[in-house]
Amino acid sequence: AEKKALFAVSGMTCAACAGSVEKAVKRLPGIREAIVDVLNGRAQVLFYPNFVNEETIRETIEDVGFEATLIQ
Ligand code: 9UX
């Protein structure tokens, strides 16, 4: 079954960077959907836990250049 994760992403203030975060997460295996909300600094991700996990997603967001915290 799929799983949902919500991350707080700090310092992400422009649409271009939100798009970069979304694109990077969607490139991972096992991602069903990634929705980045730049106004609220949140990234919601639906994923398949057999293929990817919260920490890998979190590190991928950080690799784009933003601090990310799993909040839910
Ligand atoms: Mo963006 Mo930043 O493309 O402070 S969120 S530059």
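The model is a predicted one, and its secondary structure amounts to 2 helices and 4 strands, which follow one another along the sequence in the pattern β-α-β-β-α-β. Along the principal axes, the C-alpha atoms occupy a box of roughly 30 × 20 × 15 Å, and 25% of the 72 residues are buried.

The strands form an open sheet in the order β2-β3-β1-β4, with antiparallel pairing. Because β2 (31-37) and β4 (67-70) stand at the edges and have a single partner strand each, one side of each is left without a neighbour in the sheet. From one strand to the next, the twist averages 25°. Strand β1 (residues 3-10) pairs with β4 in the antiparallel sense over 4 bridges, and Ser 10 stands opposite Glu 67 in β4.

Both helices pack on this sheet. Helix α1 (residues 15-27) touches β1, β2 and β3 (42-47), and its direction makes about 170° with that of β2, whereas helix α2 (residues 54-64) touches β1, β3 and β4, with a direction at about 160° to that of β4.

The ligand, finally, is surrounded by Gly 11, Met 12, Thr 13, Cys 14, Ala 16 and Cys 17, a shell that divides into 4 nonpolar and 2 polar residues, with no charged ones.

Terms used:
Residues numbered from 1 in each chain as written. Predicted model: local features only at pLDDT ≥ 70, side-chain atom pairs only at ≥ 80, totals over all residues. Buried ≥ 20, exposed ≤ 12 C-beta atoms within 10 Å, placed from the backbone. Near = placed C-beta within 6 Å. Nonpolar A, V, L, I, M, F, W, Y, C, P; charged D, E, K, R; others polar. Pairing = 2+ DSSP bridges. Axes fitted to C-alpha atoms, helices over the stretch in contact; angles between N-to-C directions. Contact = placed C-beta atoms within 7 Å.
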